[in-house]
Amino acid sequence: MKRRDPRTRLVGHHMVDWLFLDKPAVNNMVEYEARLKASERDLRSIILTIPTMVWSAAPDGSVDFFNPRWLDYTGLSPDQSRDWRWSAAIHPDDLSRLTDAWQSILVSGESGETEARLRHFDGAYRWFLFRANPLRDESGNIVKWYGINLDIEDRKRAEEALRRSESYLAEAQRLSQTGSWAWSPDQDIRYWSEECYRVLSFDPQDGLPRFEEFFQRIHPDDQPSFREIIQTAIREKAEWEVDYRIVHPDGPVRDIHVVGHPVLSTSGHLVEFVGTVIDVTERRRAEQERARLRQLEADLAHISRVSTVGEMAASLAHEVKQPMAAAHTYAAAALRFLDKSPPDVAEVREALTCIVNETDRASSVVDQIGSLIKKAPPLKEVVDLNAAILEVTALTRSEAVRTGVTVGTQLAGELPRIQGDRVQLQQVTLNLIVNAIQSMRSVEDGNRELHISTVSIEPKGVCVAVRDTGHGLRPESLPRLFEPFCTTKPDGMGMGLSICRSIIEAHGGRLWATRCEPRGALFQFTIPAESRHP
């Protein structure tokens with residue numbers, strides 16, 4: 001048997017190497033033994049009072065000692081925790097993994113660690129780090145294992161919270177097609193998020209690309225402006241954003257929007273840029289589609305106006321013919337007054353004045369028709385809604401008379417100022433009036449009344465109402481009345497009311513219909529005083 005070094009002694013269940021004792025400095029063995037016992041007592045006190053869970057095990061891994069802190073925490077006695085009985089305090093889901101890790105450490109003979117949940121005496125589990133180190137004799141044989149248990153519950157919770165946060169961030173980036181990045185002009189690309197790789201069509205398995213590799217993916221037409229913006233941002237240490245197209249290796253071209261923010265050192269030196277990269281291809285396509293639909297809606301609105309005016313062609317012709325006929329009569333009278341001897345100058349002057357008035361009236365009708373059918377972009381202006389309604393009522397007067405409809409108006413004074421497109425608002429009113437007149441054509445009792453009114457509403461705004469005594473609206477038609485291609489007329493397109501609703505909603509208002517008793521229909525729309533406009 002190999003002789004044990006006299007400086008090595010067992011303390012309780014522990015083998016301790018007292019190399020810190022300077023034996024030659026000790027005068028005699030009595031003093032040496034005294035100092036050794038004092039050191040042993042100090043070590044025992046440390047082990048028993050240290051604010052950490054400490055344990056030791058035999059070379060085969062069977063635990064032979066737990067300090068009081070471990071025993072107090074678990075509520076187990078020394079006998080209940082010796083050998084492998086300590087495993088009763090380990091969470092059942094972690095026990096197999098912990099024992100496997102402990103066996104692997106024993107086989108390797110090297111320091112090792114693992115994590116598991118340890119039960120408190122009240123039954124609650126917390127995560128601990130289990131760390132073990134071997135103690136070897138002078139021949140290198142393991143004579144003891146020493147270990148500690150460190151509470152890492154707070155760290156595990158923080159790690160879990162961080163993982164959840166990273167998971168949420170990754171999911172948010174995936175859903176929004178937004179990647180994050182960091183780039184240093186001196187050290188090249190330093191970080192790309194997973195979504196950044198996907199948006200820019202790079203493989204994360206290949207690692208971070210170089211800036212020039214990324215730059216070559218940019219559409220050739222966009223490269224000069226992109227490089228200029230980057231150079232300006234570096235020079236001025238400023239925030240920047242730019243739109244460019246990325247050409248994917250398999251051919252597709254995607255629209256990209258990138259935003260960069262400078263990170264400066266305390267001395268003001270540019271450290272790096274951090275920012276986001278967003279795939280805006282679908283957004284751009286949607287914007288283009290919306291623009292196309294807006295143009296289509298404007299074209300349909302124009303067609304609707306022309307169609308409505310076309311339906312009223314006979315009545316409008318009568319509106320123009322009346323002042324022209326009157327002007328002709330006045331002109332003939334003026335000629336007769338001139339033939340008198342001497343000419344009746346006063347009568348001629350009066351006749352000429354009447355001619356001017358009638359031609360102005362005819363010109364006004366033609367101008368109103370022209371403004372309605374003219375194709376022009378939306379115009380935002382202050383609109384006198386009462387005056388606009390009266391102009392439309394004048395245009396439809398002959399149609400109403402021809403149909404036997406009595407038109408009445410009740411327009412409130414001092415209406416709030418409305419901003420919007422005069423022609424579009426007149427189109428809505430014209431459509432509602434013409435619909436009302438047409439709905440009363442087949443009324444047999446002769447009670448054909450059309451009533452148009454305006455009133456101020458709170459908060460500041462105007463409500464316009466068009467009520468008729470026609471056959472009214474069927475209950476089943478009300479829910480779909482304003483849908484495109486839904487019509488109650490045998491020869492209708494079903495676009496008039498849909499366009500009217502779009503116009504009113506674009507002005508920030510609302511259009512709706514109500515059945516009246518015993519018959520008839522009431523159409524109303526509101527316009528806010530501070531209206532927005534497309």
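The chain exposes about 30,200 Å² of accessible surface, of which carbon and sulfur atoms supply 53%. The model is predicted, and 40% of the 534 residues of the chain count as buried. Its secondary structure comprises 14 helices and 19 strands. Among contacts in the chain with a sequence separation of 6 or more, 57% are made by residues 24 or more positions apart.

Confidence was examined along the chain. The mean pLDDT is 79, and 75% of the residues reach 70 or more. Over residues 1-26, the pLDDT is below 50. Where pLDDT is low, predicted coordinates should not be read in detail.

Helix 13 spans residues 422-439 and helix 14 spans residues 496-506. The axes of these two helices come within 10 Å and cross at roughly 145 degrees, and the crossing is left-handed. On the side of helix 13, the contact is formed by Gln424, Leu425, Gln427, Val428, Asn431, Leu432 and Asn435. These residues meet Gly496, Leu497, Ile499, Cys500, Ile503 and Ile504 of helix 14. By residue class, the contact of helix 13 with helix 14 contains eight nonpolar and five polar residues, and no charged residue takes part.

Terms used:
Residues are numbered from 1 along each chain as its sequence is written. This is a predicted model: local features need pLDDT of at least 70, side-chain atom pairs count only at pLDDT 80 or more; totals for chains, interfaces and linings use all residues. Side-chain values use heavy atoms; hydrogens and water are left out. Helices (H or I, at least four residues) and strands (E, at least two) are DSSP runs, numbered from the N terminus. Buried means under 20% relative accessible area, exposed over 50%, partly exposed in between (1.4 Å probe, protein chains only). Contact means heavy atoms within 4.5 Å. Accessible areas come from the Shrake-Rupley method with a 1.4 Å probe; for residues, only the protein chains shown count as cover. pLDDT is the predictor's confidence in each residue, from 0 to 100. Axes are lines fitted to C-alpha atoms, for helices over the stretch in contact, and angles run from 0 to 180 degrees between N-to-C directions. A crossing is left-handed if the near helix is turned anticlockwise from the far one by less than a right angle, and right-handed if clockwise. Ala, Val, Leu, Ile, Met, Phe, Trp, Tyr, Cys and Pro count as nonpolar, Asp, Glu, Lys and Arg as charged, and the others, Gly among them, as polar.
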